[in-house]
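This report is meant to be read alongside the sequence and the coordinates.

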Protein chains: 2
Amino acid sequence: MLRLYDFHESGNGYKVRLLLAQLGLDYGWTDLDIMHGASRTPEFLRLNPNGRIPLLVLEDGRTLAESNAILFHLARDTAFWPEDPFEQARVLQWMFFEQYSHEPYIAVLRHWHLAGTLDDHRHELEDRRARGEAALDVMECHLEDHAFFVGERYSIADIALYAYTHVAEEGGFDLSSRSVLRAWLERVAAQPDHVSITDLPPRQL
Amino acid sequence: MLRLYDFHESGNGYKVRLLLAQLGLDYGWTDLDIMHGASRTPEFLRLNPNGRIPLLVLEDGRTLAESNAILFHLARDTAFWPEDPFEQARVLQWMFFEQYSHEPYIAVLRHWHLAGTLDDHRHELEDRRARGEAALDVMECHLEDHAFFVGERYSIADIALYAYTHVAEEGGFDLSSRSVLRAWLERVAAQPDHVSITDLPPRQL
């Protein structure tokens with residue numbers, strides 16, 4: 001059986017949980033307390049030398065890190081990954097946008113809020129907030145003319161971008177005036193077999 | 001003909017220039033002065049609303065952003081992208097690692113050095129340097145047992161990681177004691193049709 005090493009508050013982990021649910025795949029789930037070093041133990045570093053969750057372990061023991069690479073692996077040959085080669089590249093374009101221009105601002109500010117460490121980062125807050133708003137602007141600009149990010153259908157590009165956008169308010173981002181973005185969030189949440197970030201699988205060690 | 005919007009000092013742009021050279025593809029090349037806002041003009045934002053280079057424009061006018069998505073698009077069906085599905089996911093794993101855990105530290109410190117703005121970021125320098133060193137550690141750990149990042153052959157994972165690693169010293173990272181990493185840099189530089197980051201195509205507006 002597949003096994004996912006994860007942290008229950010992680011949006012990167014939630015991406016994988018959401019796709020696994022929508023694919024109807026069973027998996028073992030290990031919730032690591034990354035706030036207290038559980039992804040930096042010698043045991044976990046043997047699985048992922050980069051010390052990060054999520055990490056997927058396949059049935060044969062091979063490991064795969066990086067949330068968006070895991071999405072690619074699970075989605076291939078399914079409706080969540082387009083058949084058209086250029087659309088595939090566009091899905092990856094949005095997933096790299098997510099990791100470079102979105103997550104470091106929107107997810108990281110949420111993390112600092114949840115961990116109570118905002119004050120340790122006061123010199124960076126204004127810049128991170130501005131860059132997060134800029135990422136939301138880029139998304140809204142695209143969604144003005146599109147129902148989903150690629151090919152007018154729900155794909156892993158939407159899953160990757162939904163994970164931290166739908167909880168951006170937990171990092172202090174105000175989405176109330178972003179009606180185009182909120183309509184897309186609702187379209188994503190209305191997809192078959194959607195699960196929320198708080199719908200957690202049974203914990204296993 | 002393909003057209004690449006780029007900035008001559010950019011490692012992200014160099015990734016694409018290197019692969020295009022190794023694929024033997026002709027392309028038009030536009031060098032944008034991103035230090036002075038050339039990627040934020042209304043004209044360029046129409047091509048890439050995220051305001052970043054590199055940007056590839058296909059023969060039919062379609063655009064593709066994000067260096068690693070461009071590598072994927074160009075490499076598919078060539079020897080630079082593996083045939084094995086799991087190896088494909090591993091290539092993407094390393095490319096997401098590059099954009100999330102490597103580029104924001106190693107490339108950004110180089111950028112601040114080159115732009116002369118290190119002092120504006122003094123509160124972040126120690127943390128960025130430590131995270132850059134950690135990324136180099138992860139690469140070395142993998143390369144202890146491997147000639148290249150995936151499948152024991154040169155792929156776009158190597159191109160993505162080579163681009164900023166081979167100029168890491170321009171950002172103040174000392175590679176002199178990292179013999180495993182340096183041996184891999186030499187293997188990459190010895191690939192057929194390799195071009196350097198300073199081998200620039202003819203400029204065109």
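The model is a predicted one, and in it Asp77(A) takes a positive phi of about 65° although it is not a glycine. The residue is found in the loop between α3 and α4 (85-115) of chain A.

With 30 C-beta neighbours inside 10 Å, Glu66(A) counts as buried, since the class begins at 20 or more.

Once neighbours within four places in sequence are left aside, the contacts of Glu66(A) are with Gln93(B), Phe96(B) and Phe97(B). Within its own chain, the C-alpha atom of Glu66(A) is separated by 9.0 Å from that of Leu56(A), and these two residues are ten residues apart along the chain.

## Cis peptide bonds

In chain A, Ile53(A) and Pro54(A) are joined by a cis peptide bond, with omega about 0°. Pro54(A) lies in the loop that runs between α2 (42-47) and β3 (55-57) of chain A.

Chain B has a cis peptide bond between Ile53(B) and Pro54(B), for which omega is about 0°. The loop between α2 (42-47) and β3 (55-57) of chain B is where Pro54(B) is placed.

## Two domains in chain A

Chain A is divided into domain 1, covering residues 2-75, and domain 2, covering residues 85-189. The C-alpha centres of these two domains of chain A lie 21 Å apart. Their contact takes twelve residues from domain 1 of chain A and eleven residues from domain 2 of chain A.

On the side of domain 1 of chain A that touches domain 2 of chain A, α1 (11-23) and α3 of chain A each supply at least two residues. The largest share of that side, six residues, comes from α1(A). By class, the side of domain 1 of chain A that touches domain 2 of chain A has seven nonpolar, three polar and two charged residues.

## Strand pairing and crossover in chain B

In chain B, strand β1 (residues 2-6) and strand β2 (residues 27-31) pair in the parallel sense, over five bridges. Within this pairing, Tyr5(B) has Thr30(B) of β2(B) as its bridge partner. Between β1(B) and β2(B) the chain passes through helix α1 (residues 11-23) of chain B, and this β-α-β crossover is right-handed.

## An enclosed helix in chain B

Helix α6 (residues 156-165) of chain B is largely enclosed by the rest of the structure, because ten of its ten residues are buried. Among these buried residues are Ile156(B), Ile159(B), Leu161(B), Tyr162(B) and Tyr164(B), and they also include Asp158(B) and Thr165(B). The buried residues of α6(B) pack against α1, α3, α4, α5 and α7 (179-189) of chain B.

## How the two chains meet

The contact between the chains takes 27 residues from chain B and 27 residues from chain A. On the side of chain B that touches chain A, β4 (63-65), α3 (67-75), α4 (85-115) and α5 (125-143) of chain B each supply at least two residues. Of the elements of chain B, α4(B) gives the most to that side, with eleven residues. By class, the side of chain B that touches chain A has 15 nonpolar, eight polar and four charged residues.

What relates the two copies to each other? Chain B can be laid on chain A with an RMSD of 0.0 Å by a turn of 180° and a shift of 0.0 Å along the axis, which is the relation of a two-fold axis. In chain B, the C-alpha nearest the axis belongs to Tyr100(B) and is 3.1 Å from it. The copies meet through the same surface, because 100% of the interface residues of chain B are also interface residues in chain A.

Methods
Residues are numbered from 1 along each chain as its sequence is written. Chains are lettered from A and ligands numbered from 1 in the order in which they are written. This is a predicted model: local features need pLDDT of at least 70, side-chain atom pairs count only at pLDDT 80 or more; totals for chains, interfaces and linings use all residues. Two residues are in contact if their C-beta atoms, placed from the backbone, lie within 7 Å. Helices (H or I, at least four residues) and strands (E, at least two) are DSSP runs, numbered from the N terminus. Ala, Val, Leu, Ile, Met, Phe, Trp, Tyr, Cys and Pro count as nonpolar, Asp, Glu, Lys and Arg as charged, and the others, Gly among them, as polar. Copies are superposed by least squares on the C-alpha atoms of residues with pLDDT of at least 70 in both. A residue is buried if 20 or more other C-beta atoms lie within 10 Å of its own, exposed if 12 or fewer, and partly exposed in between; C-beta atoms are placed from the backbone. Domain bounds come from an automatic or database domain assignment. Two strands pair if DSSP finds at least two bridges between them. A crossover is right-handed if, with the strands pointing away from the viewer, the path from the first strand over the helix to the second runs clockwise.
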